[in-house]
Amino acid sequence: MTNKEIVLAFYEEVFNRHDITNVASYVREDYLQHNPTVEDGREGFVRFAEKFLSMDPHVEIVKCVAENDLVFVFFKCVMGNGMVNKVCDIYRLEDGMLAEHWDVVDHNVGDIVSVNGHDLF
């Protein structure tokens, strides 16, 4: 599988099916996390995912681009309570596994009205 295919499969399994049983096949033990609210390591990701998935998110991927060892994922994340977040995740993969993560998140954008008529996504 390509890096892009790995990340897309990870999103479908973890974030849309809410299944973290296979995280060890996607996320390296020494996973580096650049989001200051999430711990490093595979176990740090699992703790984050358990809390995040309890909010019943659904991810709608808008764009996914891969270049060398980096994969960029831009998506709409609709939470179970109806809140909409606009997210861009960036992953560095190593040996077919997620090794490092950065993100940019705009929270609660569902009610934003565009002054230029363009959709947020």
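This is a short talk on the fold, the two helices and a few individual residues of one protein chain.

Before I start, please keep in mind that what you see is a predicted model, in which local features need pLDDT of at least 70 and side-chain atom pairs count only at pLDDT 80 or more, while totals for chains, interfaces and linings use all residues. Residues are numbered from 1 along each chain as its sequence is written, and side-chain values use heavy atoms, with hydrogens and water left out.

Let me begin with the overall layout. The protein has two helices and five strands, where helices (H or I, at least four residues) and strands (E, at least two) are DSSP runs numbered from the N terminus. Read from the N terminus, the order of these elements is α-β-α-β-β-β-β. The radius of gyration is 14 Å, close to the 14 Å that the globule rule gives for 121 residues, so the protein is as compact as a globular protein of that length; here the radius is taken over C-alpha atoms, and the rule is 2.2 Å times the number of residues to the power 0.38. Along the principal axes, the C-alpha atoms fill a box of roughly 45 × 30 × 25 Å.

Of the 121 residues, 38% are buried, a word I use for under 20% relative accessible area, with exposed for over 50% and partly exposed for what lies in between (1.4 Å probe, protein chains only). If we take the contacts between residues at least 6 apart in sequence, 43% of them join residues at least 24 apart, contact meaning heavy atoms within 4.5 Å. The accessible surface comes to about 7000 Å², and carbon and sulfur atoms account for 51% of that surface; the areas come from the Shrake-Rupley method with a 1.4 Å probe, and for residues only the protein chains shown count as cover.

As for charge, there are 10 positive and 22 negative side chains, and the centres of these two sets lie 2 Å apart. Lys and Arg count as positive and Asp and Glu as negative, whereas His and the chain ends are not counted, and the place of each charge is taken as NZ of Lys, CZ of Arg, CG of Asp or CD of Glu.

Now to the helices. Helix α1 covers residues 3-16, and its 14 residues reach 19 Å from the first C-alpha to the last, close to the 20 Å expected at 1.5 Å a residue; the expected span is 1.5 Å times one less than the number of residues. Its buried residues are Ile6, Val7, Phe10, Tyr11, Glu13, Val14, Phe15 and Asn16, and they pack against β1 (27-33), α2, β2 (58-67), β3 (70-78), β4 (84-94) and β5 (97-106).

Within that group I would point to Glu13, which is buried at 11% relative accessibility. Leaving out residues up to four places away in sequence, Glu13 touches His18, Asp19, Asn22 and Tyr26. The C-alpha atoms of Glu13 and Ala49 are 12 Å apart, although 36 residues separate the two along the chain.

Gly41, Arg42, Gly44, Phe45, Val46, Ala49, Phe52 and Leu53 are its buried residues, and their cover includes α1, β1, β3 and β5. Arg42, at 16% relative accessibility, counts as buried, and beyond its neighbours within four places in sequence Arg42 is in contact with Val23, Ala24, Val27, Arg28, Glu29, Tyr31 and Met97.

Turning to the loops, His34 lies between β1 and α2 and is partly exposed, with a relative accessible area of 41%. His34 touches Glu100, His101 and Trp102, again not counting residues up to four places away, and its C-alpha is 5.1 Å from that of Trp102, a residue 68 places away in sequence.

Finally, a word on backbone angles. Most residues other than glycine have a negative phi. His18, which follows α1, has a positive phi near 60 degrees. Asp56, in the loop between α2 and β2, has a positive phi near 55 degrees and is partly exposed, at 45% relative accessible area. Asn68, in the loop between β2 and β3, also has a positive phi, of about 55 degrees, and at 68% relative accessibility Asn68 counts as exposed.
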